[in-house]
Amino acid sequence: MRVAIVHHWFVTRGGGERVAECIASLFPEAEIFTLMAEAPGIPEGLQGRRFHTSFLQRIPLARNYHRHMMPLYPMATERLDLRGFDLVISSDSGPVKGVRVDAGAVHLCYCHSPMRYLYDGYETYRAQMGSVTRAVFSATAGRVRAWDEQAAQRVSYFIANSEYVADRIRRCYGRESVVIHPPIDLNRARVTEPGEHYLCAGRLVGYKRTELMVEACARLGRTLRIAGTGPEEGRLRKLAGTADVSFLGEMTTEALWQEYAVCRALLFAADEDFGMVPLEAQACGRPVIAYGAGGSLETVRGLGSTEGEATGIYFSEQTVKSVMDGILRFETADAAGKFDAAVARRWAGEFATPVFLRSMREFILEKMPEAVSAMVASTPEAE
């Protein structure tokens, strides 16, 4: 039994890389395939594994501008050599669902999202591009989208990271999927006395809508700390001006979890496919003020929810005014004792790594029972 784990790229560390790392922990002898990889983006649990990269790895600056390589994604993906592998598991929010596998091989795709910039986010991403990039993107996106739709039909079984993504897989690819939520590493969580400041965390890219949180905190005179870097950082620093906003830059994992623990609440304005950051904050007992759409509806229990005690509050629109309203409503509810750290931690526990590993193991063995010969009996995190 030969097993391959495929992930779109390892150039930054985020939720997708964490998922790939956890899946690989089930198969200690599995080989890792990716379009491109760079040391900072390779999770600790995958260091020392046998890696195979595409020809994009050899293009100068490709790893720094990996999203600009979109016209080459289909060719790079199909040239990954997966001959001889019996089970292929892809972790994908890009093109690698389109890998070519042997006849008779089983390909399970854990889909973080169909490529947003090719489907429902097309116009938003296009509007944010410079003139040259926009022209190239407009000329090639249709071809890549058509290839991606065809590639999705070659997948044996889809796994979605949320109900929200399962619906997008259905709309974009006409395929059904089972939902297995991503793993939250509760071993890193800690509870301590929170401060009075707010926190937002993640890559500083357009769809995260960090500017809404910066301006809302500036107008309300609240302190905001921002963990992460990205192409939007320069613009956000100018927007912050003299407001009490701190840019913490790229942080170690331990430092980020400490930031979760000491914030008053996490601010989250993205229409996210799932969103591990809100759950990581809740694992530290901190409530979340979130845009009430997309994955946040699955990761945060808003005040007034009929499904259990609240772990946060929703705001209704991606506008500065709506974020401000969410902060003020949160502060009123918080002063009234509406949020309990223990409740938030219990809720986050439902998404813990052992839950993910058990669900993945059961699904894989349901679809391919003989894969048990390549699996570890248990992983340290699942015990």
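Visitor: What should I know about the model before we start?
Guide: It's predicted, so local features need pLDDT of at least 70 and side-chain atom pairs count only at pLDDT 80 or more, while totals for chains, interfaces and linings use all residues. Residues are numbered from 1 along each chain as its sequence is written, and side-chain values use heavy atoms, with hydrogens and water left out.

Visitor: OK, in what order do the 7 strands of the open sheet run?
Guide: The order is β3-β2-β1-β4-β5-β6-β7, with parallel pairing. Strands here are DSSP runs of E, at least two residues, and helices are runs of H or I, at least four, numbered from the N terminus. Two strands pair if DSSP finds at least two bridges between them.

Visitor: And which are the edge strands?
Guide: β3 (51–53) and β7 (177–179), each pairing on one side only. β7 pairs with β6 (residues 157–160) over 3 bridges, and Ala160 has Val179 as its bridge partner in β7.

Visitor: Which strands does helix α5 touch?
Guide: Helix α5 (residues 163–173) touches β5, β6 and β7, at about 140° to β6. Contact means heavy atoms within 4.5 Å. Axes are lines fitted to C-alpha atoms, for helices over the stretch in contact, and angles run from 0 to 180 degrees between N-to-C directions.

Visitor: Switching topic: how many aromatic pairs are there?
Guide: The whole structure has 13. Rings of Phe, Tyr and Trp (its six-membered ring) pair if their centres lie within 6.5 Å; planes under 30 degrees apart are stacked, over 60 edge-to-face, the rest tilted.

Visitor: Give me one. What's the geometry of Phe10 and Phe51?
Guide: They're edge-to-face, 5.5 Å centre to centre with 75° between the planes. Phe10 sits in the loop between β1 and α1 and Phe51 in strand β3, so the pair ties together parts 41 residues apart in sequence.

Visitor: Is Phe10 buried or exposed?
Guide: Phe10 is buried, with a relative accessible area of 1%, whereas Phe51 is partly exposed at 25%. Buried means under 20% relative accessible area, exposed over 50%, partly exposed in between (1.4 Å probe, protein chains only).

Visitor: What about the rings of Tyr198 and Phe330?
Guide: Their centres are 6.3 Å apart and their planes at 70°, so that pair is edge-to-face. Tyr198 is in strand β8 and Phe330 in helix α11 (residues 320–335), 132 residues apart. Both residues are buried.

Visitor: What is the bridge partner of Tyr198 in β11?
Guide: That's Ala265.
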